[in-house]
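Biologist: I would like to learn how to read helix packing in a model of this kind, step by step. Could we take one feature at a time, with the general idea before the particular case?

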Amino acid sequence: MVRGLNEIMHNRIAVFRAEHGLSRRQLAEAVDVNPQTIGYLERGDYKPSLELALKVAAVFCVPVELLFSLTPFEAIGASLRRIGVEQ
Amino acid sequence: MSDRQHRFLAWLDQSVMWTGVPAMAAGTPRKRHLRWPPLVALVVASAGLLWCVLHPDRSYWIGYALIMVGFFIANLMPIWGPLRRFSERADEFERQQRRDSFLVGLATVAMAAFAGIWLTVGLLAMQVWSALVAQQELTALAFYMMALFSAVPTLHASWHTRPLNDED
């Protein structure tokens, strides 16, 4: 299937940022962009370049596909249930 | 100093900060979404141009004045609008936003020029307008196009993205 250019890119930057206790400004400084760009990225208004995506992933020390996806991410609750954390 | 005076001075400080002039002086101009001012500028300038076309007689100056008001408002847009100037440092999002918005702005200017010049040439050829009227209409068109060039990129950039809440 050919994917369109206007396809939404989902991301979990806000989740990882909260987990690492980083503000938008701190993350922006780490990847050398303006804080508003991080805001637009989190909201899905802007698709990052490969370079920026890799930089953001490097800040959180995770593979880039853990942060960005062309399909919606599974809800955290659903993930936890799937791996049996509740049991 | 009384509490009332202190509050008044604090209010004056806030008013000055709101204008964005201190941030401009510090070299860090505040960029914000301007959704309505460019629209106002374009509506006023367009009404002026329409007036100039419909009344190329002695009341022409009313249309010309409206275009100049729109032109003045439009020229303020690049100062406070969301787009960074070409001389300013911009990240990849801002560069893309600037590129897209100026592309839309230039396309709009080109369309206005195409329509305006052919309208003028046509009415001249049909001898509806004299050479003097055509000259003043082209002057009005030139200012209208400059207003478009200043206002349309800001308008596009401001409506293309929703403003962010100040989280940090």
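Biologist: Which helices do the buried residues of H4(B) pack against?

Modeller: An α-helix has 3.6 residues a turn, so residues three or four places apart point the same way. In this predicted model, the buried residues of H4(B) are Gly63(B), Leu66(B), Ile67(B), Gly70(B), Phe71(B), Ile73(B), Ala74(B) and Met77(B), and they pack against H3 and helix H6 (131–160) of chain B.

Biologist: What span should the 21 residues of H4(B) have?

Modeller: At 1.5 Å a residue they should span 30 Å, and because the end C-alpha atoms of H4(B) lie 32 Å apart, the two values agree.

Biologist: How should I describe the packing of two helices?

Modeller: Two packed helices are described by the angle between their axes and the distance between the axes. For helix H3 (residues 37–54) of chain B and helix H4 (residues 60–80) of chain B, the axes come within 7 Å and cross at roughly 160°. An angle over 145 degrees counts as roughly antiparallel, which is why H3(B) is described as roughly antiparallel to H4(B). The crossing in which H3(B) passes H4(B) is left-handed.

Biologist: At what angle do the axes of H2 and H3 of chain A cross?

Modeller: The axes of helix H2 (residues 24–31) of chain A and helix H3 (residues 35–43) of chain A come within 8 Å and cross at roughly 105°, which means that H2(A) is roughly perpendicular to H3(A). Arg24(A), Arg25(A), Leu27(A) and Ala28(A) of H2(A) make the contact with Pro35(A), Thr37(A), Ile38(A) and Gly39(A) of H3(A), and these residues divide into 4 nonpolar, 2 polar and 2 charged.

Biologist: In what order do the elements of chain A run?

Modeller: Chain A has 6 helices and 2 strands, and from the N terminus on its elements run β-α-α-α-α-α-β-α. Of its 87 residues, 23% count as buried.

Biologist: Finally, how many residues of chain B are in contact with chain A?

Modeller: In this model, 8 residues of chain B are in contact with 14 residues of chain A, and the side of chain B that touches chain A divides into 2 nonpolar residues, 1 polar and 5 charged.

Key. Residues are numbered from 1 along each chain as its sequence is written. Chains are lettered from A and ligands numbered from 1 in the order in which they are written. This is a predicted model: local features need pLDDT of at least 70, side-chain atom pairs count only at pLDDT 80 or more; totals for chains, interfaces and linings use all residues. Axes are lines fitted to C-alpha atoms, for helices over the stretch in contact, and angles run from 0 to 180 degrees between N-to-C directions. Helices (H or I, at least four residues) and strands (E, at least two) are DSSP runs, numbered from the N terminus. Angles under 35 degrees count as roughly parallel, over 145 as roughly antiparallel, 65 to 115 as roughly perpendicular and the rest as oblique. A crossing is left-handed if the near helix is turned anticlockwise from the far one by less than a right angle, and right-handed if clockwise. Two residues are in contact if their C-beta atoms, placed from the backbone, lie within 7 Å. Ala, Val, Leu, Ile, Met, Phe, Trp, Tyr, Cys and Pro count as nonpolar, Asp, Glu, Lys and Arg as charged, and the others, Gly among them, as polar. A residue is buried if 20 or more other C-beta atoms lie within 10 Å of its own, exposed if 12 or fewer, and partly exposed in between; C-beta atoms are placed from the backbone. The expected span of a helix is 1.5 Å times one less than its number of residues.
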